[in-house]
Amino acid sequence: AVDLWSPDAILLTALAIATVSGIISLEQAVQGFGNTVLIALGSLYVVAAALRISGALDRASEMILGGEARSVQRILLRLCPSVSVYSAFLNNTPVVAMGIPAIRGWAQRNRIPASKLLMPLSFAAILGGMCTLIGTSTNLITHGLMQEYGFQGLSFFELAWVGVPCAIAGLLFLIFVSPILTPARRDIRYEEEKKRE
């Protein structure tokens, strides 16, 4: 509530308190760290960080968004399907986290309101994440729980039968309707700089 500690510090401290006080056993405390779903999620974040650090993400965003902006709808036509494909094969959370600075920088250079692109970015990543097993952490957790309770887990593309049609419908909505619905707001940092001046 007061934002004194980072979420990982809070989580590990709470786990330590629960273990020391006897609420859970030591075996229960470390059991989650051996979960294959957790390892898979962690490895996806490593891959996403490597893409960001290597500069591959910046090159990809420049290639996807292009050099000049004619209309928000055309930008979304290039952005949303690409983000959906990325988030189907990477976890959608790091895709959005990596995409935000790239899109904000591009929007500022091309004088396009970033608010018109950021919400569609998030939803396009969610739509792509619905199509594969690793696309979203929810799918991976569901897969792990199914296996834990004796059911057969999900195959990699099993969700695509439902996910792809939903993604196509959602992308059409994002490209053609969202430019009308999303507000054209300036970046908050621009407003802060104006106040300072």
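## Aromatic pairs

A search of the whole structure, which is a predicted model, finds three aromatic pairs, where rings of Phe, Tyr and Trp (its six-membered ring) pair if their centres lie within 6.5 Å, and where planes under 30 degrees apart count as stacked, over 60 as edge-to-face and the rest as tilted. One of these pairs is formed by F89 and F156, which are stacked at 6.2 Å centre to centre with 25° between the planes. This pair links distant parts of the chain, since F89 is in helix α5 and F156 is in the loop between α8 (137-148) and α9, 67 residues apart; helices here are DSSP runs (H or I, at least four residues), numbered from the N terminus.

F89 also forms an edge-to-face pair with F157, at 6.2 Å centre to centre and 70° between the planes. F157 likewise lies in the loop between α8 and α9 while F89 lies in helix α5, so the pair ties together parts that are 68 residues apart in sequence. F89, F156 and F157 form one aromatic cluster. Each of its members is partly exposed, with relative accessible areas of 44% for F89, 30% for F156 and 47% for F157 (buried means under 20% relative accessible area, exposed over 50%, partly exposed in between, with a 1.4 Å probe and protein chains only).

## Helix α9

Helix α9 comprises 17 residues (160-176), which at 1.5 Å a residue should span 24 Å, and its end C-alpha atoms are 23 Å apart, which agrees; the expected span is 1.5 Å times one less than the number of residues. Its buried residues are A160, G163, A167, G170, L171, L174 and I175. They cover an arc of only 125° around the axis, which puts them on the same side of α9, the arc being that of the directions from the helix axis to the C-beta atoms.

The buried residues of α9 pack against α5 (72-89), α7 (115-129) and α10 (178-181), with contact meaning heavy atoms within 4.5 Å. The face turned away from this buried side carries the exposed residues W161 and V162.

## Nonpolar cores

A nonpolar core is a set of buried Ala, Val, Leu, Ile, Met, Phe, Trp, Tyr and Cys residues joined through side-chain atoms within 4.5 Å. The largest such core has 25 residues, of which L76, L79, C80, V83, I112 and L117 touch the most other members. The elements that give two or more residues to this core are α5, α6 (92-109), α7 and α9, and α5 gives the most, with six residues. A second, separate core of five residues includes L133, I134, L140 and L154.

S178 has its place in helix α10 and is buried, with a relative accessible area of 5%. A polar atom of its side chain lies 2.3 Å from the backbone oxygen of L174. Leaving aside neighbours within four places in sequence, S178 is in contact with L76, P120 and F173.

R111, found in the loop between α6 and α7, counts as exposed at 76% relative accessibility. Most residues other than glycine have a negative phi. R111 has a positive phi of about 55° although it is not a glycine.

## Basis of the values

Residues are numbered from 1 along each chain as its sequence is written, and side-chain values use heavy atoms, with hydrogens and water left out. In this predicted model, local features need pLDDT of at least 70 and side-chain atom pairs count only at pLDDT 80 or more, whereas totals for chains, interfaces and linings use all residues.

Definitions and conventions. A polar contact is a pair of N or O atoms within 3.5 Å; within protein, one must be able to donate a hydrogen and the other to accept it, and residues adjacent in sequence count only if both atoms are side-chain atoms.
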